Amino acid sequence: MKHWYLSVVLMVASAWADMPLTLDPAVVEEVKHAVFNGALMVGEDEKTVKTEEQGDIALWQQAMDAAGTELMPVKLLALLQRLNPDKPMESYAALYADTLRLHVLAAAGNREARMQLAAALRVGMLPGGMRIICDASKAEALMP
């Protein structure tokens, strides 16, 4: 067992000796991708998720800002479809309609709808199982 371990250490050491030491960011990035087979690093993946969440929040806000226009349902339904790929609109039309109705009522100032939507925004899920953005500050802004 010791001989096997020693031979592995010697192979790694000789391979390491052949590699140049550099602080060049492009080379470091290339090595990271080679080591992880092109997969993103954990930190990079978390950044991507945060960026997507922030983008979803912005899209939701754009839909709410378009309340009273033809753009609101289009923007909201596009976001909902993206957040709920397991719920195609043709199969879950009533659920999408309920979600759209809730948003329209909340945007119009309906107290009950605002409270229900605020509760959903805190957990990222509507009562019918439709995923929605999760943002406490947006939930607070809806509270009367």
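User: Leaving aside its neighbours within four places in sequence, what is threonine 99 in contact with?
Analyst: Threonine 99 is in contact with Leu76, Leu80, Leu126 and Met130, if residues within four places in sequence are left aside. Keep in mind that this is a predicted model.

User: Where does threonine 99 sit?
Analyst: Threonine 99 lies in helix H5.

User: Buried or exposed? I mean threonine 99.
Analyst: Threonine 99 is buried, because its relative accessibility is 4% and the cut-off for buried is under 20%.

User: You mentioned Leu126. What does leucine 126 touch, not counting residues up to four places away?
Analyst: Leucine 126 touches Thr99, Leu102, Leu117, Ala120 and Ile132 on that count.

User: What share of the contacts comes from residues 24 or more positions apart?
Analyst: Such pairs account for 45% of the contacts in the protein chain that have a separation of 6 or more.

User: Back to the helices. How do H4 and H5 pack?
Analyst: Two packed helices are described by the angle between their axes and the distance between the axes. For H4 (residues 71-83) and H5 (residues 93-107), the angle is about 130 degrees and the axes are 11 Å apart. That angle makes H4 oblique to H5. H4 passes H5 in a right-handed crossing.

User: Which residues make that contact of H4 with H5?
Analyst: H4 brings Met72, Pro73, Leu76, Leu77, Leu80 and Gln81. From H5 come Tyr96, Thr99, Leu100, His103, Val104 and Ala107. By class, nine of the residues in the contact of H4 with H5 are nonpolar, three are polar and none is charged.

User: What about H5 and H6, at what angle do they pack?
Analyst: H5 and H6 pack at about 120 degrees, and their axes are 7 Å apart. This makes H5 oblique to H6. The crossing of H5 and H6 is left-handed.

User: Which residues are in that contact of H5 and H6?
Analyst: Leu102, His103, Leu105 and Ala106 of H5 meet Ala113, Arg114, Gln116 and Leu117 of H6. The contact of H5 with H6 has five nonpolar residues, two polar and one charged.

User: New topic. How many residues has the largest nonpolar core?
Analyst: The largest nonpolar core has 27 residues. Those with the most contacts inside this core are Trp60, Leu117, Leu121, Leu126, Ile132 and Ile133.

User: Which elements give two or more residues to this core?
Analyst: They are helix H3 (42-65), H4, H5, helix H6 (111-123) and helix H7 (136-142). H4 supplies the largest share of this core, with six residues.

User: Let's pick another residue, then. Where is leucine 79?
Analyst: Leucine 79 is in helix H4. Leucine 79 is also buried, with a relative accessible area of 3%.

User: What is leucine 79 in contact with, leaving aside its neighbours within four places?
Analyst: Leucine 79 is in contact with Asp56, Leu59, Trp60 and Ile133. Trp60 and Ile133 are also among the residues with the most contacts inside the largest nonpolar core.

User: What separates the C-alpha atoms of leucine 79 and leucine 59?
Analyst: These C-alpha atoms are separated by 6.9 Å, while leucine 79 and leucine 59 are 20 residues apart along the chain.

Key
Residues numbered from 1 in each chain as written. Predicted model: local features only at pLDDT ≥ 70, side-chain atom pairs only at ≥ 80, totals over all residues. Heavy atoms only, no water. Axes fitted to C-alpha atoms, helices over the stretch in contact; angles between N-to-C directions. Helix = DSSP H or I, 4+ residues; strand = E, 2+ residues; numbered from the N terminus. Parallel < 35°, antiparallel > 145°, perpendicular 65-115°, else oblique. Left-handed = near helix turned anticlockwise from the far one by under 90°. Contact = heavy atoms within 4.5 Å. Nonpolar A, V, L, I, M, F, W, Y, C, P; charged D, E, K, R; others polar. Core = buried A, V, L, I, M, F, W, Y, C linked by side-chain atoms within 4.5 Å. Buried < 20%, exposed > 50% of the residue type's maximum accessible area, 1.4 Å probe, protein only.
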